[in-house]
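Here is a briefing on one protein chain. Please look over its sequence and fold before reading the points below.

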Amino acid sequence: MGKTISCSVLLSLISCFYLLFATALDTITPSKSIKDPEFIISQNETGLSKTLLGFSTYLVVLNGKTEILWSSKNVTNTAPNVTTAHLSDLGNLVLSNGDDEGSSLWQSFQHPSNAFIESMEISTDVKKGRKVEIKSWKSHDDPSDGNFSFGIEPFNIPEFVIWNNNQLYFRSGPWNGNMFIGLILPTVAFSWFSVVADNRQQTFFIGYEDSNHSMLTYCELDSQGKFSERRWDAEKGNWIKSYSINHTDCDVYGKCGEFGMSNSTKRPICSCLKGFKPRNAEEWSRGNWSSGCFRTTPLQCQRDNNNGSGAGQSDDGFLEMKMMNVPAFPDRSSIVNGECKDQCLKNCSCVAYAYDSSIGCMMWSGDLIDVKESSRGVDLYIRLPASELGKFS
């Protein structure tokens, strides 16, 4: 009984770039199935598929007892004349019938497993309700879908996110045209990411900016929700984890609750924003920060509104916080930097703002969630009453 590996086999596709095989097929047909440890290899030997395959009107992965472990049965076209599964030089495994040249019924790049290689694109089409996402394995040796998925979300400004059972688990921070401003990484890490956003058509893509790398790399979403870059080490003959975008508790979305902020270098990692205190002091002292923080003194504009006197702009101000990973779900404005403050002050529900030269003004109303102190990022301005500002000057 042979060991079976996931049919989308993206890890297998790239794990053998340095191996040479004299003879191998690049296409499977009903009369040419393969068994472990057999493989198919693309024509120019840039991709490899190593899996146990059977054939019906859809692609299946079987174990030694011919029990189905995985299938592409979600293919909408179930025409009986499916004839080939072809591995391209890009690493895409394509299921098609032979009647219509160029047609395909299923592609591994449209249904990826847990790895992201340079010829792939992750995408979201809001109008059509279509997503191409990376999905974690259930465990290290079980390739069925796990709890985590990685994709791009438009929000008001595009970000890439990791979901845990449909709950937001990690966010990259907004894309400013050059980088995700919430990622704290060495400059060489993930430098190949590029985002294409068509807001009019509501389509968003993330892929490799340059596919002509001399160094072999790929990214993997593991069963614990960690998204890491791996690079080929020729001396060791193995893939080495080079960077991970989410490797501390601070990277978990909303770890410190509303109006809390995290810093992985401090103990405890969570603290309240200045002008706020823990909502539940007992839980907070035990390291449970989920209840977050609340404002110690109401904003002056809120008191004025409650008294019917209107908001007084001069009675509230902003506390500057340098180099922050900005909170989730900003509203975007095209106004220039010098006008962000005035714009926010005119709206009593505006509780913070930030500015990025490529994005413009970002503003927040309601609770601030997922604020992090950062070695990179942008300056964040928190709205406080004038009486509180004097305490922190």
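Where is the place of P268? P268 sits in the loop between strand 22 (260-262) and strand 23. This is a predicted model, in which local features need pLDDT of at least 70, side-chain atom pairs count only at pLDDT 80 or more, and totals for chains, interfaces and linings use all residues. Residues are numbered from 1 along each chain as its sequence is written, and side-chain values use heavy atoms, with hydrogens and water left out.

**Overall**
- The protein chain has five helices and 31 strands. Helices (H or I, at least four residues) and strands (E, at least two) are DSSP runs, numbered from the N terminus.
- Of the 393 residues in the protein chain, 48% are buried. Buried means under 20% relative accessible area, exposed over 50%, and partly exposed in between (1.4 Å probe, protein chains only).
- Take contacts between residues at least 6 apart in sequence: 52% join residues at least 24 apart. Contact means heavy atoms within 4.5 Å.

**Nonpolar cores**
- The largest nonpolar core has 31 residues. Such a core is a set of buried Ala, Val, Leu, Ile, Met, Phe, Trp, Tyr and Cys residues joined through side-chain atoms within 4.5 Å.
- L273, F276, M362, W364, L368, L380 and I382 touch the most other members of this core.
- Strand 23 (270-272), strand 26 (316-325), strand 28 (350-356), strand 29 (360-365) and strand 31 (378-385) each supply at least two of its residues. Strand 31 gives the most, with four.
- L380 touches, among others, L319, M321, Y353 and W364, not counting residues up to four places away in sequence.
- Another core, of 28 residues, lies apart from it and includes V195, Y208, C219 and F227. C219 is buried, with a relative accessible area of 0%.

- An open sheet of eight strands runs in the order 23-22-30-26-31-28-29-27, with mixed pairing. Two strands pair if DSSP finds at least two bridges between them.
- Strand 23 and strand 27 (331-333) are the edges, each with a single partner strand, so one side of each has no neighbour in the sheet.
- Strand 28 and strand 29 pair in the antiparallel sense over six bridges. D356 has G360, in strand 29, as its bridge partner.

**Backbone**
- Most residues other than glycine have a negative phi, and most peptide bonds are trans.
- The peptide bond from R267 to P268 is cis, with omega near -5 degrees.
- M323, in strand 26, has phi near 50 degrees. M323 is partly exposed, at 32% relative accessible area.
- F329, in the loop between strand 26 and strand 27, has phi near 60 degrees. F329 is partly exposed, at 41%.

**Disulfides**
- The count comes to five disulfides, each a pair of cysteine sulfur atoms within 2.5 Å.
- C272 and C293 are joined (S to S 2.1 Å), and both are buried. C272 lies in strand 23 and C293 in strand 25 (residues 293-295), so the pair ties together parts that are 21 residues apart in sequence.
- C301 and C348 are joined (S to S 2.0 Å). With 80 degrees about the S-S bond, their link is right-handed.
- C340 and C361 are joined (S to S 1.7 Å). Their link is left-handed, with -80 degrees about the S-S bond.
- The sulfur of C250 is 5.8 Å from the closest cysteine sulfur, in C256, which is too far for a bond. C250 is buried, at 5% relative accessible area.
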